[in-house]
Amino acid sequence: MTDRRDDVDAGRRQFVGWGVAMAGATLAPGVMLFDLAHGRAPEAPAPRGVRWGMLVDATRCAPDCNACIVACAKEHGLPDGKRSTDAQWIRKVELKDLRSGRALGAPVMCQHCAKPPCVDVCPTGASFKRADGIVLVDRHTCIGCRYCMLACPYQARSFVHEPVVNPQPDVPRGKGCVESCTLCVHRIDRDRAPACVEACAAAGHRALVFGDLNDPGSEIAKRVASYATAPLRPGLGLDPGVRYHGI
Amino acid sequence: MRRATALARAALLIAAGAAVVLASGIEARVPRPAHDTPKGERCVENTEFMRRNHMKLLVHQRDRTVREGVRTKAHSLANCVDCHAGATTRSVIARGPDGSEGFCAGCHAYVGVTLDCFECHAATPRAAATAAAEERP
């Protein structure tokens with residue numbers, strides 16, 4: 001994503017940039033960024049018809065803001081990221097068009113593919129996709145082989161190298177397993193939006209929209225239907241649940 | 001026939017006597033763990049059932065939760081910890097200042113069975129774990 005800086009792309013980026021600026025201006029203020037009116041009972045399994053997804057609006061993502069990363073670390077008890085071995089569930093990728101100087105950034109996390117390569121390669125079945133489209137690691141069966149980390153084209157997964165102290169009750173983590181963004185599955189199961197989405201809205205940027213892509217009435221589905229969004233590396237045909245606008 | 005029954009009865013008596021002697025020997029060598037668990041009148045199932053089957057319930061619940069997203073409270077590990085954490089330690093594995101042992105760790109050590117849950121799972125109740133996370137720099 002960061003390596004594609006040839007001239008053809010520069011022109012295209014400029015063009016896309018103008019389109020993005022116009023689209024950004026016409027976004028209605030005060031709209032709900034997520035809608036979770038599913039009200040699933042605790043004993044009901046994750047529904048099959050739902051496809052949880054996220055829309056990242058890169059035009060609204062502020063360059064000096066890392067609220068989503070901080071919120072993610074706090075929610076899941078992740079280390080501060082100072083060590084090179086620290087797990088990283090969400091990161092900000094900066095893009096700069098060398099010709100025009102136009103720069104933008106956007107968070108990249110597990111893209112929750114409909115056809116996840118990490119699940120294909122997992123030798124133990126620990127990597128799996130839930131009925132509602134969330135891709136997870138079952139740490140009870142993960143042997144820490146890191147094959148999924150090699151298979152993931154988005155470099156979204158981390159290996160836990162260091163012992164974990166004081167794990168969060170809802171987010172068990174341990175040394176020797178691979179992990180990645182869970183789309184805050186423990187929150188979704190209790191009808192709450194992911195921590196990064198809430199933090200982004202609280203910071204006033206509202207660059208992240210979360211919801212059910214399969215529900216035509218949801219905010220995310222309406223947006224995806226109304227303006228240009230694309231997954232990262234669409235050529236791979238993985239059908240990610242995370243889509244981007246303005247890159 | 002009557003003789004066989006009498007023999008069996010005698011054998012049973014001897015076996016029971018031996019068991020009592022053995023049990024008292026174990027009692028003397030390894031003191032039973034003392035717990036300090038403040039919350040709740042009774043467990044989600046009866047005590048005898050839980051002693052033998054808690055691990056089966058936990059494995060079943062773990063797969064239902066991780067794979068299917070079922071988050072019922074009764075048989076979840078977090079719910080165990082919420083009630084069974086020590087009054088002073090707020091933990092199911094830490095040893096208290098009065099010599100009481102963590103509810104899980106004490107009994108697992110007594111019967112010599114490994115306890116892997118808390119390699120990854122929080123051994124403290126939700127409220128205590130959240131407080132600890134906020135204290136962390």
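Predicted model: local features only at pLDDT ≥ 70, side-chain atom pairs only at ≥ 80, totals over all residues.
Chain B contains 5 helices and 0 strands, and its elements follow the order α-α-α-α-α from the N terminus. Of the 137 residues in chain B, 20% are buried. Among the contacts in chain B with a separation of 6 or more, 53% are between residues 24 or more positions apart. Within helix α4 of chain B (residues 103–111), the buried residues are B:Phe103, B:Cys104 and B:Gly106. These buried residues of α4(B) pack against α3 of chain B (77–84). Just after α4(B) comes B:Gly112, with a positive phi of about 70°.

The two chains touch through 18 residues of chain B and 20 residues of chain A. On the side of chain B that touches chain A, α2 (47–68) and α5 (126–135) of chain B each supply at least two residues. That side of chain B has 8 nonpolar, 3 polar and 7 charged residues.

In chain A, an open sheet of 3 strands is arranged in the order β8-β1-β9, and its pairing is mixed. Strands β8 (208–212) and β9 (242–245) of chain A are at the edges and have a single partner strand each, so one side of each lacks a neighbour in the sheet. From one strand to the next, the twist averages 20°. Strand β1 of chain A (residues 52–57) runs antiparallel to β8(A), and 5 bridges join the two. In this pairing, A:Trp52 is opposite A:Asp212 of β8(A).

Leaving aside neighbours within four places in sequence, A:Gly133 is in contact with A:Arg51, A:Trp52, A:His112, A:Ala114 and A:Gly241. The C-alpha atoms of A:Gly133 and A:Asp212 are 9.9 Å apart in space, and the two residues are 79 residues apart in sequence.

A further strand pairing in chain A involves β2 (residues 90–96) and β3 (residues 103–109), which pair in the antiparallel sense over 7 bridges. Here A:Leu95 is opposite A:Leu104 in β3(A). The hairpin of β2(A) and β3(A) has 6 residues between the strands, and A:Gly101 in this hairpin adopts a positive phi near 80°.

Helix packing in chain A is illustrated by α2 (residues 67–76) and α6 (residues 195–202), whose axes come within 8 Å and cross at roughly 135°. At this angle α2(A) is oblique to α6(A). The crossing of the two helices, α2(A) and α6(A), is right-handed. From α2(A), the residues that meet α6(A) are A:Ala67, A:Cys68, A:Val70, A:Ala71, A:Cys72 and A:Glu75. Their counterparts in α6(A) are A:Ala195, A:Cys196, A:Glu198, A:Ala199 and A:Cys200. By class, this contact of α2(A) with α6(A) has 9 nonpolar and 2 charged residues, with no polar residues. An α-helix has 3.6 residues a turn, so residues three or four places apart point the same way.

Positive phi values also occur in chain A at residues that are not glycine. A:Arg146 has a positive phi of about 70° and is located in the loop between β5 (135–137) and α4 (147–151) of chain A. With 14 other C-beta atoms within 10 Å, A:Arg146 is partly exposed. A:Arg206, also a residue other than glycine, has a positive phi near 50°. The loop between α6 and β8 of chain A holds A:Arg206. A:Arg206 has 18 other C-beta atoms within 10 Å and is partly exposed.

Methods:
Residues numbered from 1 in each chain as written. Chains lettered and ligands numbered in written order. Contact = placed C-beta atoms within 7 Å. Helix = DSSP H or I, 4+ residues; strand = E, 2+ residues; numbered from the N terminus. Nonpolar A, V, L, I, M, F, W, Y, C, P; charged D, E, K, R; others polar. Pairing = 2+ DSSP bridges. Buried ≥ 20, exposed ≤ 12 C-beta atoms within 10 Å, placed from the backbone. Axes fitted to C-alpha atoms, helices over the stretch in contact; angles between N-to-C directions. Parallel < 35°, antiparallel > 145°, perpendicular 65-115°, else oblique. Left-handed = near helix turned anticlockwise from the far one by under 90°.
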